[in-house]
Amino acid sequence: MWVSYMINGYKVVVVFLLLLGLSAVDTHTGDSHAEELQEHSVHRSVGLDEVVIVIQSQRNSFHARRGGQRKVEILQEALNLGQEIPTVLLLHELSEYEGDWSIIPVLPHLSATRSQSASWFVFIEEETKVTLPALLQVLSRYQDKKEWFLGKRLHDNEASIIHHYAFSEGLSFGYPDPAAGWALSAALLQSLAEQIQHERSLKSDFTIDLTHEIALFIWEERNGLELTDVPEFCTELKDACATTFTTYLPHCGDPVSKKELFVAVKTCQKFHSERISVVKATWEKDAGSLEYYSDVTDPSIPTISLGVANTERGHCGKTFALLKRFLTPAVPQTDWLLIVDDDTLISLPRLRRLLRCYDPKEPLVLGERYGYALVHNGYSYTTGGGGIVLSRPAVSKLLSSGCGCFSDDAPDDMVLGRCFTSLRIPITNSPLFHQGRLNDYSETLMSLQEAVSFHKHWNIDPVAVYEHWLKDAVLHEEL
């Protein structure tokens, strides 16, 4: 218990700790909220001036604007409370390095510039709302001088390819729901920053699922430190929430017209009957303009041969050939190009709603963002299986640059990422695109999304997945 009183105008807090039956605990897990409350009954109030809120904003004009609006909203709430002002940072403004989105590269900068005055670092999405009094109540439950990793806990029901099949032996590993936000104590952030500066390498060169990568990094580098599950980090509004989430599919107006989106489907002869039949049974009817690109011409589909032989891995030659075709009179002159695989499941109506948020006159590369060697100045790319969306200016800048494939079987999505990085065209991320199957993602995450795409037909009924997770009721005739 604690008691506070005034002496000569100063508030003094006297803490009486009942030691009988209690022992010091140096490690903790995220398994028991009740145990956490008991263990940390000794606490102090955290002030807003001790909190750094990092909004995970992006450079694209739409996202930069949304991030700025969220920043203003948070600062206005602090002013209305009549309290100190928290530090609110836009991630894309912290440096010129595009890989900062993966968070780990930016931790040394945050430690060097903010850790002397901050006790907590809170990371939120552009569409995550924060209730400051509730957030302070949550953070005040924890001793800020210790290492803490807080958030809404997710876990995989089975080993997943997007998580590098980590913990395939069955250990339930917790990682934070990005939509609910997550927090690091300053002590933990400083420790991680020091280890990054000593060039400690990550388990994988690839950054796929951001918060899982961070949780795994913390778990490995801090001797098994796990995420502490905090019920006030929310995605749906309920009592005492410190954070809530709106949507990854904001309403920006009427969807773009079907005639403004050209769809390019990559396929090959051996998959014509197996995979193209699924496309035709599900989402092809929602396309205004669509072509199938294969290694052979098949009038029954129909497919178009681009003169590039099929390769077993990577399809860079085919992808650059279709990009060149997109800029010719052979296809409709649309604002947007969508490139998908023949085993991609996609909701074109949702995609057209999402595209309304973006300016087609800007060079845009949109999809599910991955990263390669980001701790060591690597590059980001839009993973191909979930679908790659390009604006016409992005395609024009790419092809005029001369950047291209080092071989026809090079990984097209990674080559595109390197090219766009060299052109300083950022990769814009949308969590609604999915490189994996539905089963590869947390059920909790999927239940809150209006997904745009999934990829692969392994061990699933693709038509059933499309019907349940991607197909919307048509309320009116779409143009």
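1. Let us start with one cysteine: C419 is buried, at a relative accessible area of 1%. Here buried means under 20% relative accessible area, exposed means over 50%, and partly exposed is whatever falls in between, with a 1.4 Å probe and protein chains only. Please keep in mind that this is a predicted model, in which local features need pLDDT of at least 70 and side-chain atom pairs count only at pLDDT 80 or more, while totals for chains, interfaces and linings use all residues. Residues are numbered from 1 along each chain as its sequence is written, and side-chain values use heavy atoms, with hydrogens and water left out.

2. C419 has a bonded partner, C403, and the sulfur atoms of this disulfide are 2.0 Å apart. The term stands for a pair of cysteine sulfur atoms within 2.5 Å. The torsion about the S-S bond is -80°, which makes the link of C403 and C419 left-handed. C403 sits in the loop between α10 (392–401) and α11 (412–422), and C419 in helix α11, so the bond ties together parts that are 16 residues apart in sequence. Helices (H or I, at least four residues) and strands (E, at least two) are DSSP runs, numbered from the N terminus.

3. How many disulfides does the structure hold? There are four. Counting the bonded cysteines along the chain, they follow the pattern 1-2, 3-5, 4-7, 6-8. As a reminder, a disulfide is a covalent bond between the sulfur atoms of two cysteines.

4. Next, have a look at C252 and C357, a disulfide with its sulfur atoms 2.0 Å apart. The link of C252 and C357 is right-handed, with 90° about the S-S bond. This pair joins distant parts of the chain, 105 residues apart: C252 is in the loop between β13 (243–245) and β14 (261–266), and C357 in the loop between α9 (348–355) and β19 (365–367). Is C252 buried or partly exposed? C252 counts as partly exposed because its relative accessibility is 28%, whereas C357 is buried, at 7%.

5. C234 and C241 make another disulfide, with 2.1 Å between their sulfur atoms. With -95° about the S-S bond, the link of C234 and C241 is left-handed. Both ends are buried: C234 has a relative accessibility of 2% and C241 has 6%.

6. T334 deserves a stop on your tour. It lies in the loop between α8 (316–326) and β17 (336–341), and T334 counts as buried because its relative accessibility is 1%. Which residues does T334 touch, leaving out those up to four places away in sequence? They are K259, E260, L261, F262, F326 and R392, where contact means heavy atoms within 4.5 Å. One of these, E260, is 74 residues from T334 in sequence, yet their C-alpha atoms are 4.5 Å apart. The side chain of T334 also reaches the backbone oxygen of W336 at 2.9 Å.

7. Beyond its neighbours within four places in sequence, L184 is in contact with residues including L107, W120, F149 and I218.

8. Two strands pair if DSSP finds at least two bridges between them. Strand β3 (residues 51–55) runs parallel to β4 (residues 87–90), and the two pair over four bridges. Between β3 and β4 the chain passes through helix α2 (residues 61–81), and this β-α-β crossover is right-handed. That means that, with the strands pointing away from the viewer, the path from the first strand over the helix to the second runs clockwise. In β4, L90 is the bridge partner of I55, and V88 stands opposite I53.

Technical notes: A polar contact is a pair of N or O atoms within 3.5 Å; within protein, one must be able to donate a hydrogen and the other to accept it, and residues adjacent in sequence count only if both atoms are side-chain atoms.
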